[in-house]
Structures are given as C-alpha cells and as structure tokens.
Amino acid sequence: MEKKTSVRVAAAQIAPDLTSREKTLARVLDAIREAAAKGAELIVFPETFVPWYPYFSFVLPPVLSGKEHVRLYEEAVTVPSAATDAVSAAAREHGIVVALGVNERDHGSLYNAQLLFDADGTLILKRRKITPTFHERMIWGQGDASGLKVVDSAVGRLGALACWEHYNPLARYALMAQYEDIHIAQFPGSMVGPIFADQMEVTIRHHALESGCFVVNATGWLTDEQIASITSDAGLQKALRGGCMTAIISPEGKHVVPSLTEGEGILIADLDMSLIIKRKRMMDSVGHYARPELLHLVMDGRATAPMVTTTQPSLPTAEARTLSDGEYDTSADRDSDQRIAVLRSPAR
C-alpha cells in the first residue's frame with residue numbers, strides 16, 4: 001500500500017449515555033458522520049466509550065457497586081454483535097477508519113477492549129488492556145500480548161494503548177518496534193482533576209517523540225447531571241471532573257491543533273506524514289538509535305486460554321532413556337511445558 005503524504009484525523013471528546021448502550025452507540029455513529037463530512041479519514045473515541053466507562057467504580061465502595069457492575073455487564077458489547085456491525089457499516093459507508101473503546105463481554109468476564117475498523121469496515125484489531133488500573137481491577141479481566149501489534153490500515157500503520165498502559169515502557173516499545181505511523185491513545189477523561197490532564201499530556205507527547213509517530217488521543221466528558229447520577233456526594237463529585245486532554249500530537253512532540261480540555265467537541269487536524277522521517281532521521285529509537293545487542297525486548301505474543309488440549313503422551317515413551325540405576329532421563333522433554341516426576345530405583 002502506497003504511503004499517504006497527508007492524513008486528516010479526528011479525536012472525539014463527547015459524553016456517553018449512561019443509561020443505554022444503544023444511545024451511546026447512536027452518539028458514536030453521529031460523530032462518525034460529522035467527522036467524515038469534514039473530510040476526516042480516521043476518528044478516535046475515548047476509552048471504553050461504549051456503553052460507558054465504569055466511573056462508578058472510582059467513587060463507590062465495592063460493596064455498593066454490584067448493581068452498577070451488573071448493569072454494565074448487561075449493556076456491554078460482544079464481538080461480533082449488532083453493535084460492532086453498526087460501527088463497521090458506518091466506517092464502510094463513510095470510508096473512515098474508526099478507533100473505538102468498548103467494554104467487551106466475553107461470557108462471564110468484562111474486558112477493556114480497543115477496536116480498530118478499517119475504512120472498508122473490516123475489524124483489523126481487537127485488543128484488551130493488559131493490566132487494569134487500581135479500581136478497574138474489580139471490573140475488567142486482564143488482556144494478553146496477542147493484541148500488542150501494529151496493523152496496516154487505509155491511513156497507515158496503527159497501534160493502540162489504553163490509559164495507563166502508556167506508563168508501561170515495554171508495552172509502548174513493543175508497538176514502537178513494529179513501526180507505528182499513528183498511535184491511538186484512549187483515556188476515560190472526567191476524572192481526578194487537572195493533574196490527570198497534565199500527566200496525560202506529558203505521556204502522549206513523550207510517546208510521540210520517542211516513537212517518532214503521531215498520537216491521536218481521545219478522552220470522555222461527563223455533564224454535571226451525569227456526575228450527579230453517579231454519586232450525590234459533593235466531595236466525590238469533584239473526583240469526576242477535569243482530567244480531559246483530547247489532543248493530536250506530531251512526531252516532534254507538538255500539538256497539531258489546540259487541545260480540548262473542557263466540554264464536548266471533535267478535533268480535526270491534517271497530519272503531515274513527512275514529519276515521521278524528519279524526526280526519525282535524528283532519533284530512531286528502534287533503528288539507528290537502538291542497541292539491540294545490549295538491550296532488546298522479548299514478548300510472548302501468544303493468546304492465553306483457560307484450557308489447552310494436547311495429544312502428547314503424559315509420560316515419556318520413546319524419548320525417554322533408562323539409565324543404569326533405573327532413573328528416567330527426561331532431558332529430551334525439557335523444552336515442553338509438561339513436568340514429569342523422576343522415578344528412582346530403591347537405595348541399596
């Protein structure tokens with residue numbers, strides 16, 4: 001695929017509907033149409049935007065959060081489903097790449113998932129946050145490294161991380177080593193206060209500089225009415241304000257357009273893709289600036305599973321050799337995951 005010299009991107013900072021997956025999904029589809037009408041070729045939505053980020057878990061004690069947790073299960077997204085089909089159809093209709101954060105339900109567990117739909121509607125990446133943060137560990141299961149990959153799309157090579165995964169340097173390096181052109185960053189927004197926005201800005205600007213890529217970051221927004229619906233405690237309501245930093249960052253670590261830190265809106269920016277080489281000519285952290293003979297990353301990219309079936313024998317057969325004292329030599333089987341007890345002859 002021929003590389004594009006310019007890409008118009010959009011980052012959406014909008015409020016979910018805290019009552020319904022379908023109503024939040026309608027807001028997603030409206031934003032896709034709006035961004036596409038302005039010529040955007042990529043749009044990024046906030047972390048777990050559909051049906052909504054579990055703000056309740058940040059301000060309610062676990063003993064009081066069961067009802068909201070169950071409701072999140074009921075409204076969560078399965079992949080594939082009618083909800084993902086609707087986003088796929090919108091991406092295809094408008095010829096736009098869509099990065100959407102969802103609460104994914106997989107049987108009895110929820111996961112923080114990032115879905116990337118190509119401009120033809122194909123789901124090109126589904127990944128799960130590898131380590132939920134603090135209160136989130138009561139809500140989501142853990143992902144694995146099978147989703148730590150960069151994929152080709154109509155706008156270039158895309159990688160994605162959610163929220164504080166950006167504080168895991170090895171996770172970021174895994175994507176950097178696969179040559180991201182555009183990095184998708186998603187945070188919840190409307191949490192913690194201005195310090196969260198400040199930290200977020202430092203984080204995404206640093207990744208852009210270190211990776212030599214563009215970063216498109218989207219955060220969510222809560223209205224005063226929505227905050228009041230989550231908790232009536234005025235003190236706790238303060239914890240659900242601020243923390244918004246919807247932004248588009250160049251490989252030089254600069255804001256391409258002014259960031260959005262208050263209210264709803266959609267940022268639109270044109271990315272000059274030549275800036276990637278301009279940056280990497282000076283500092284390519286996975287190329288001429290790397291020292292892989294000294295430091296390199298080893299990643300287990302296999303998907304995890306609760307059960308694995310095997311047809312291999314449970315005890316050594318032809319591979320095993322019997323020593324003179326009757327001990328089994330299982331050295332030929334040391335590379336397998338199976339551990340076999342060693343049998344010894346009685347002491348004389």
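The model is predicted; local features require pLDDT of at least 70 and side-chain atom pairs pLDDT 80 or more, whereas totals for chains, interfaces and linings use all residues. Residues are numbered from 1 along each chain as its sequence is written, and side-chain values use heavy atoms, without hydrogens and water.

Helices (H or I, at least four residues) and strands (E, at least two) are DSSP runs, numbered from the N terminus. Of the 348 residues, 51% are buried, that is, under 20% relative accessible area with a 1.4 Å probe, protein chains only. Among contacts (heavy atoms within 4.5 Å) with a separation of 6 or more, 70% join residues 24 or more positions apart.

Two strands pair if DSSP finds at least two bridges between them. E4 (residues 109-117) runs antiparallel to E5, joined by five bridges. Ala113 has Arg128 of E5 as its bridge partner.

Axes are lines fitted to C-alpha atoms, for helices over the stretch in contact; angles run from 0 to 180 degrees between N-to-C directions.

The buried residues of H1 include Leu25, Val28, Leu29 and Ile32. Seen down the axis of H1, its buried residues fall within an arc of 160°, so they line one face of the helix. The arc is that of the directions from the helix axis to the C-beta atoms. These buried residues pack against E1, E2, H3, helix H4 (82-94), E3 and E11.

A further open sheet, also of mixed pairing, has five strands in the order E6-E7-E8-E9-E10. Its edge strands, E6 (151-153) and E10 (247-249), each pair on one side only. The twist averages 25° from one strand to the next. Three bridges link E6 and E7 (residues 156-162) in the antiparallel sense. Asp152 is bridged to Arg157 in E7. Helix H6 (residues 194-211) lies across E8 (182-186), E9 (214-218) and E10, at about 155° to E9.

Note on methods. Buried < 20%, exposed > 50% of the residue type's maximum accessible area, 1.4 Å probe, protein only.
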